[in-house]
Amino acid sequence: KVNIYTNLDQSLPKVTGLSDGGFVIVWQSEGQDGDSLDHYEKEGSLSTGVYGQRYDADGNKVGFEFQVNTHTDSDQENVSVTGLDNGGFVVVWDSYGQNTNYNFASNLYGQLYDGSGATISSEFQVDGNISAGSGGGSWARDSSITSLPDGGFIVSWEGNYSIYTQRYDIEGNSLGVVSINRAPTAIKIDASMIDENSAGAVVGTLIVTDPDTNDSHTLTLSG
């Protein structure tokens, strides 16, 4: 068994290899980090935190399970992880209410570790408020992360119906957030009058205002 803490649920594990032949497993754990309510704030619900465990090349545990997130209010969940060329690794997760007073808004945070498993500096915000805000329904979540040949790493995520990416150098410095695909800002149909049972007739024109000028769009009608 990987996790030592066994109360309630430990779920959604992710694993990555390390340059020394070992590996690290991370997961989310309910009720372990001491905060009482999840981001839904339902009575009796407990928040989640992010935890990990390192292993050596022989599959033996290295040290004890460790808490990844420093901020513990509300939920920290949906973790991703990748090993780095310098022997360390980086963990990224969704954090609700950390950068806003609105508990349903989530941002992405990360933590760097060196080859010994020690933290490098403090946890940092990944999305930079580009894709999530303080209003209802705003979010940055569901990250994916991979290491790069130059020793850095790149994180991608979903934010308000668009896909974003943030690249970091070997020192963990941000190289900027880029929007991969932004959602259309307006969609409408310019209707036409046609005779009934006119096979192949054009019933309307789809008009889309999209900041990504090279995107294509498909309209499906059902009845």
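About 11,900 Å² is the accessible surface of the protein chain, and carbon and sulfur atoms account for 49% of that area. Keep in mind as you look around that this is a predicted model. The protein chain has 14 strands and 0 helices, so let us begin with the overall picture and then turn to one of its sheets.

**The chain as a whole**

- Reading from the N terminus, the elements of the protein chain run β-β-β-β-β-β-β-β-β-β-β-β-β-β.
- The protein chain holds 223 residues, and 39% of them are buried.
- Take the contacts in the protein chain between residues at least 6 apart in sequence: 43% of these join residues at least 24 apart.

**A four-stranded open sheet**

- Strands of a sheet pair through backbone hydrogen bonds, and the pairing can be parallel or antiparallel.
- Here, 4 strands form an open sheet in the order β5-β6-β7-β8, and the pairing is antiparallel.
- At the edges of this sheet sit β5 (residues 76-83) and β8 (residues 119-125), each of which pairs on one side only.
- On average, neighbouring strands of the sheet are turned by 15 degrees against each other, with direction ignored.

- Which residue in β6 is the bridge partner of Thr 82? That partner is Val 90.

Methods. Residues are numbered from 1 along each chain as its sequence is written. This is a predicted model: local features need pLDDT of at least 70, side-chain atom pairs count only at pLDDT 80 or more; totals for chains, interfaces and linings use all residues. Side-chain values use heavy atoms; hydrogens and water are left out. Helices (H or I, at least four residues) and strands (E, at least two) are DSSP runs, numbered from the N terminus. Buried means under 20% relative accessible area, exposed over 50%, partly exposed in between (1.4 Å probe, protein chains only). Contact means heavy atoms within 4.5 Å. Accessible areas come from the Shrake-Rupley method with a 1.4 Å probe; for residues, only the protein chains shown count as cover. Two strands pair if DSSP finds at least two bridges between them. Axes are lines fitted to C-alpha atoms, for helices over the stretch in contact, and angles run from 0 to 180 degrees between N-to-C directions.
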